[in-house]
2 protein chains.
Amino acid sequence: MAKVLTSKEENYAQWYNDLVLKSGLAENSAVRGCMVIKPYGYAIWEKMKDELDRMFKATGHENAYFPLFIPKSFFSREADHVEGFAKECAVVTHYRLKTDEENGGLIVDPEAKLEEELIVRPTSETIIWNTYKNWVQSYRDLPILINQWANVVRWEMRTRLFLRTAEFLWQEGHTAHSTREEAEEEAMRMVNVYADFSERFLGIPVLIGTKTESEKFAGAIDTLTIEALMQDGKALQAGTSHFLGQNFARAFDVQFTNKEGKLDYVWATSWGMTTRMIGALIMAHSDNHGLVLPPRVAPIQVVIVPIYKGAEEFPLISEAANRIKDHLTALGISVKFDDRDTHKPGWKFAEYELKGVPVRLAIGPRDIENGTVELARRDTQEKRVLPQEGIEGYIRELLDEIQESIYQKALQFRAGNTHRVDTWEELVDVLDHKGGFALAHWDGTKESEDRIKETKATIRCLLIDGEEEEGKCIVSGKPSHRRVVIARAY
Amino acid sequence: MAKVLTSKEENYAQWYNDLVLKSGLAENSAVRGCMVIKPYGYAIWEKMKDELDRMFKATGHENAYFPLFIPKSFFSREADHVEGFAKECAVVTHYRLKTDEENGGLIVDPEAKLEEELIVRPTSETIIWNTYKNWVQSYRDLPILINQWANVVRWEMRTRLFLRTAEFLWQEGHTAHSTREEAEEEAMRMVNVYADFSERFLGIPVLIGTKTESEKFAGAIDTLTIEALMQDGKALQAGTSHFLGQNFARAFDVQFTNKEGKLDYVWATSWGMTTRMIGALIMAHSDNHGLVLPPRVAPIQVVIVPIYKGAEEFPLISEAANRIKDHLTALGISVKFDDRDTHKPGWKFAEYELKGVPVRLAIGPRDIENGTVELARRDTQEKRVLPQEGIEGYIRELLDEIQESIYQKALQFRAGNTHRVDTWEELVDVLDHKGGFALAHWDGTKESEDRIKETKATIRCLLIDGEEEEGKCIVSGKPSHRRVVIARAY
């Protein structure tokens with residue numbers, strides 16, 4: 001087979017882009033920064049959505065839908081929020097086009113100018129808290145536990161498929177509570193849901209921590225994050241959960257009567273995960289042959305490829321393939337029997353390798369004679385010839401084994417790429433030559449953090465289960481009580 | 001109980017609006033014409049989505065996602081399409097805001113003007129066909145059978161919750177085929193999927209027909225429609241499926257090599273159903289007490305209300321309620337046990353009546369003594385006392401009976417409100433005094449159709465299974481070979 005992908009070692013960014021395009025996940029559109037998510041990519045997103053949605057509902061949340069547009073003035077209400085979000089955005093100024101009488105085509109109708117511009121939502125705290133205002137009078141109306149599945153737009157100058165696009169798909173949870181404690185618990189509960197989803201479902205191990213003041217969400221008191229490590233040694237923020245305090249309740253005047261009969265502002269959280277996670281999924285596991293998908297998120301878990309020369313050989317092969325397919329389907333496993341006669345087996349092998357299908361079965365005339373089947377694992381590329389009899393039970397267990405094995409491999413990679421550094425020189429050495437997470441002492445000041453940022457790395461998070469340890473800040477030498485996680489990041 | 005709703009007879013439009021607001025389905029937002037779909041309304045949409053998505057996949061379709069924004073110039077490519085769609089729309093002209101140094105707040109940054117304006121999609125034929133162009137070379141690349149779940153925006157001046165909103169949610173199928181016949185079959189297949197969904201799932205009987213030239217989709221050769229009848233005698237277009245011919249393929253230059261090795265333009269269909277169907281669902285079945293939801297689309301199918309005076313009575317009631325709940329849940333029935341002590345049973349009865357929960361169970365101390373439960377049907381408001389023993393099996397069958405009964409009632413209503421009219425006077429009499437569908441002969445000319453439109457009614461469709469019958473056009477007296485369906489409509 002001709003090599004379809006640039007290798008990771010040669011050019012990681014090119015490898016990633018090739019892979020997204022050639023495996024049929026997504027492509028760029030005619031609109032700058034906006035992507036087309038193709039059926040295979042969208043099928044992965046659907047799997048992720050279904051699982052996350054199930055987890056949100058299991059923790060008491062309901063879905064709802066709020067407007068795409070937000071009045072410009074709403075952004076100015078929360079002082080920090082406006083700085084973070086209202087700048088690079090899509091602005092709707094008019095509501096009508098008209099025929100250009102002189103030159104043909106269409107022009108914006110100057111008569112149809114909006115009194116107040118509308119912003120295509122970059123995130124929905126403002127419009128949602130403006131709505132909650134009418135829903136909350138008393139503590140009996142709380143908590144409100146709502147999630148929204150939606151598209152959002154942030155005008156990015158430099159975009160990359162899935163990782164950074166002007167429009168992306170996400171979910172945003174927005175909850176309202178009567179006490180600070182309850183809101184803090186909610187923010188922690190949801191970052192744990194994200195971590196669980198990422199590790200158990202996507203096979204991506206994550207660190208859970210809080211962001212520094214300069215890295216937190218614009219409008220939050222605290223931002224909790226999960227941080228994953230990609231195979232090129234860069235970190236990726238994979239989901240965030242914010243404790244918003246009473247900031248948005250104050251901005252939109254959302255007060256309630258508490259159990260003591262006193263008026264108070266409502267406590268808030270918000271939390272989100274996006275199609276960016278598909279980028280993380282790709283970069284965490286895939287290799288130079290293509291995608292490696294953990295079975296739980298794979299749209300096709302098993303593919304069956306028939307191998308035959310004469311057309312007379314096909315009926316028996318097809319019968320065996322369909323029997324195995326039916327048995328696997330009955331076990332809830334998604335199977336594709338690729339019986340197209342327009343492509344050769346070798347082409348199909350390369351295609352499903354590229355698409356990351358976890359298990360491939362090949363059945364030829366000799367297998368029919370012997371009652372066997374050839375099984376290939378995508379993750380390890382191991383092949384075995386096995387009896388057809390009982391293959392379904394074997395595959396069911398194998399899929400669990402592959403899921404676990406992919407996770408363990410990523411976990412080992414992270415362990416091998418996490419470095420304790422005690423001096424500035426060690427940090428720079430790790431960033432420039434090794435990559436991965438650097439664990440270092442930091443004095444907690446903005447000055448030292450800014451100095452770290454000059455290396456193009458950032459403090460990814462302060463681990464929530466980080467150990468206490470006395471040490472000295474690698475920048476200032478001042479005392480520090482625990483290490484923080486530093487890395488270059490996507 | 002105080003009356004919560006304006007009655008249908010008193011003011012139908014007000015009844016509808018009251019019902020949407022008070023049953024907690026949706027409300028207006030701070031953005032003109034955009035609604036907030038509240039959790040209960042969104043739960044209905046999720047049920048509809050899940051069922052439609054299952055039906056689309058069962059007919060071979062996959063989901064994908066295309067950009068929210070469409071370059072302005074794309075609309076001018078297809079001559080009819082531009083007339084129908086590019087006029088009343090949300091236009092993005094800038095991509096940045098900046099702080100207003102003089103007055104505070106935010107202003108649009110004049111430096112950040114887009115070279116070409118972007119339109120928030122009112123429908124996606126143009127951006128999708130511009131994408132398909134790169135996907136199709138040969139007949140082997142066809143068919144493409146793709147659906148998209150998305151939000152769209154059409155700038156409406158007069159809006160009504162669900163029925164007509166500036167932003168709404170929908171699905172849009174966009175398929176590409178190598179032959180005219182195959183595309184026509186697809187368009188017919190999908191209008192039948194819509195009809196089946198509407199009748200079997202929502203309990204709304206529909207007529208299937210084609211639109212006239214003046215009523216068809218801008219850019220289509222033929223538009224197939226399903227038309228439902230609301231309780232006020234007005235029609236509602238509930239879903240459309242378009243045979244687009246080669247119009248969009250020509251506009252975006254999408255050619256393929258056919259089996260004979262010749263270049264040809266690709267054949268297309270598109271089809272859509274929207275959150276408007278929630279409006280149809282409400283208006284088809286509900287009454288002056290509130291929503292009446294067919295069991296298959298009801299977020300809560302059974303509610304259990306405990307009735308007790310002393311707290312000591314509660315444990316046994318709760319035990320019985322939870323036992324029934326568990327049994328029903330095991331049968332796949334969604335049950336809510338409302339054990340809140342903050343609201344009285346009478347309040348809860350009215351609340352679930354308003355929310356249209358198909359079956360209500362009440363359990364009091366006497367029921368505990370007698371091993372009984374009181375069951376109330378929402379649609380007929382009948383009540384019966386039944387033994388707890390075996391209640392699950394009874395309810396399972398009852399839910400099917402209610403589903404069928406709601407459909408039959410709507411079918412009878414339509415039969416009683418469908419009128420054969422043979423003269424202009426009869427048509428006007430039906431429209432002004434009876435409402436419903438009028439079946440009349442029409443000569444097929446635009447002139448006669450325009451005259452009909454002066455009554456504020458429209459030709460809803462030409463039935464696909466309409467009988468041949470010789471007659472005279474009610475406008476011109478000219479010969480006609482079959483009747484068309486005329487009604488005032490939403």
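Visitor: Which strands of chain A does helix 9 lie across, and at about what angle does helix 9 run to strand 16?
Guide: Happy to start there, keeping in mind that this is a predicted model. Helix 9 of chain A covers residues 314-330. It lies across strand 16, strand 17 and strand 18 (359-363) of chain A, and its angle to strand 16 is about 170 degrees.

Visitor: What other helix packs on that sheet, touching strand 16 and strand 18 of chain A?
Guide: The direction of this helix makes about 170 degrees with that of strand 16 of chain A. Its residues are 345-354, and the name you want is helix 10 of chain A.

Visitor: In what order do the five strands of this open sheet come?
Guide: The pairing in this sheet of chain A is mixed. At the edges are strand 17 (335-337) and strand 20 (383-387), each of which pairs on one side only. Neighbouring strands are turned by 25 degrees against each other on average, direction ignored. Read across, the order is 17-16-18-19-20.

Visitor: Turning to chain B, is Val335(B) buried or exposed?
Guide: Val335(B) belongs to strand 17 (residues 335-337) of chain B. Leaving aside residues up to four places away in sequence, it touches Gln301(B), Val302(B), Ile304(B), Lys325(B), Leu328(B) and Thr329(B). One of these, Ile304(B), is 31 residues away in sequence and 7.6 Å away in space, C-alpha to C-alpha. Because 22 other C-beta atoms lie within 10 Å of Val335(B), and 20 or more are needed for the label, Val335(B) is buried.

Visitor: Where are the edge strands of the 11-stranded open sheet of chain A?
Guide: This sheet has mixed pairing and the order 3-8-9-15-12-11-10-23-26-22-21. Each edge strand pairs on one side only. They are strand 3 (62-63) and strand 21 (418-420) of chain A.

Visitor: Which helix packs on this sheet, touching strand 21, strand 22 and strand 26 of chain A?
Guide: Strand 22 spans 437-441 and strand 26 spans 483-487. The helix direction makes about 175 degrees with that of strand 22 of chain A. With residues 424-434, it is helix 13 of chain A.

Visitor: What relation superposes chain A on chain B?
Guide: The rotation is 180 degrees, with 0.0 Å of shift along its axis and an RMSD of 0.1 Å. Among the residues of chain A, Val92(A) comes closest to the rotation axis, its C-alpha at 2.1 Å. A rotation of 180 degrees with 0.0 Å of shift is therefore the relation of a two-fold axis.

Visitor: Which strand of chain A gives the most residues to the side that touches chain B?
Guide: The contact takes 53 residues from chain A and 52 from chain B, and 98% of the contact residues of chain A recur in chain B. By class, the chain A side has 32 nonpolar, 11 polar and 10 charged residues. Giving the most, with 10 residues, is strand 5 (residues 88-99) of chain A.

How values were computed. Residues are numbered from 1 along each chain as its sequence is written. Chains are lettered from A and ligands numbered from 1 in the order in which they are written. This is a predicted model: local features need pLDDT of at least 70, side-chain atom pairs count only at pLDDT 80 or more; totals for chains, interfaces and linings use all residues. Two strands pair if DSSP finds at least two bridges between them. Helices (H or I, at least four residues) and strands (E, at least two) are DSSP runs, numbered from the N terminus. Axes are lines fitted to C-alpha atoms, for helices over the stretch in contact, and angles run from 0 to 180 degrees between N-to-C directions. Two residues are in contact if their C-beta atoms, placed from the backbone, lie within 7 Å. Copies are superposed by least squares on the C-alpha atoms of residues with pLDDT of at least 70 in both. Ala, Val, Leu, Ile, Met, Phe, Trp, Tyr, Cys and Pro count as nonpolar, Asp, Glu, Lys and Arg as charged, and the others, Gly among them, as polar. A residue is buried if 20 or more other C-beta atoms lie within 10 Å of its own, exposed if 12 or fewer, and partly exposed in between; C-beta atoms are placed from the backbone.
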